[in-house]
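Subject: Structure handover and findings

Dear colleague,

I am handing over the structure below, together with an account of what was found in it. Please have it open while you read.

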Amino acid sequence: MANLDKYVKIVILSTLEKPKTLVEISTTWFKNKGRLYQPQIIKEIKKAVESGLLIQDKKFYEPNIPKLFDLLLADLSLGEQKKIVEEYKNRLKQFYVNLGDYTRKTYLNFEIIKVFTNLDQRKAAELDLKLLIQLPLLLRFLEYKDKDTANILIQIMSLENYVKLIEKLEIQNYHILKEKKLIYDFVESFEWFSKIIAKMQKKGLTIFKKNVQAMKDLGG
């Protein structure tokens with residue numbers, strides 16, 4: 001994912017929640033309807049479509065979530081305990097695919113992208129997608145273990161606005177879980193992640209060590 005074209009990444013970040021047109025994305029980020037239609041940029045976007053990373057439906061674009069997660073998780077190195085790490089990766093993918101109607105709209109909402117990038121190209125290029133998809137789970141685990149410590153870390157890492165927005169979106173989108181009868185699956189997923197993250201910590205895997213600095217950078 002390190003070689004991902006920066007404009008393709010902006011398209012991905014803009015459509016994690018729902019499909020959008022290039023005109024809409026261009027206007028949002030560049031105040032210019034045609035920016036993403038410049039020859040070299042549209043060439044990269046078309047390459048991403050041809051590779052299957054982006055899905056195009058007429059004028060609308062969105063990431064191929066299973067393929068995107070395969071690429072992200074292939075790049076995610078957490079330690080030598082291969083079995084437990086692979087289990088974590090698989091469940092992480094399922095969290096955003098099987099529960100995607102809720103989790104994408106809640107944890108990958110475009111308002112969250114704006115919190116971390118302020119619609120700045122440089123910040124968008126630096127935003128770590130691997131951390132973004134893990135952050136709700138890591139913070140929930142910290143709250144589960146020690147709420148006071150979690151609150152201190154959230155303040156130190158300047159993640160207050162992120163946490164407030166997540167709490168708002170979780171309530172706002174709860175009806176999706178209810179309508180699709182996914183409440184039990186969602187709760188079970190968070191319980192599973194709390195247990196597996198604790199287990200990974202005990203085994204000395206680097207889930208927190210590798211992510212703490214990235215969380216600080218993200219908050220800054």
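Predicted model: local features only at pLDDT ≥ 70, side-chain atom pairs only at ≥ 80, totals over all residues.

The next item is a pair of packed helices. Such a pair is described by the angle between the two axes and by the distance between them. For helix H6 (residues 100-107) and helix H11 (residues 160-172), the axes come within 9 Å and cross at roughly 145°, and the crossing is right-handed. On the H6 side the contact involves Tyr102, Thr106 and Tyr107, which meet Ile166, Leu169 and Glu170 of H11. Taken by class, the residues of this contact divide into 4 nonpolar, 1 polar and 1 charged.

Finally, there is the sheet. Strands of a sheet pair through backbone hydrogen bonds, and the pairing is either parallel or antiparallel. Here 3 strands form an open sheet in the order S1-S3-S2, with antiparallel pairing; strand S1 (20-21) and strand S2 are the edge strands, each of which pairs on one side only. Strand S2 (residues 54-57) is joined to strand S3 (residues 60-63) by 4 bridges, the two strands running antiparallel. Along this pairing, Leu54 has Pro63 in S3 as its bridge partner, while Asp57 stands opposite Phe60, also in S3. The hairpin made by S2 and S3 has 2 residues between the strands, and in this hairpin Lys58 takes a positive phi near 60°.

Technical notes: Residues numbered from 1 in each chain as written. Heavy atoms only, no water. Axes fitted to C-alpha atoms, helices over the stretch in contact; angles between N-to-C directions. Left-handed = near helix turned anticlockwise from the far one by under 90°. Contact = heavy atoms within 4.5 Å. Nonpolar A, V, L, I, M, F, W, Y, C, P; charged D, E, K, R; others polar. Pairing = 2+ DSSP bridges.
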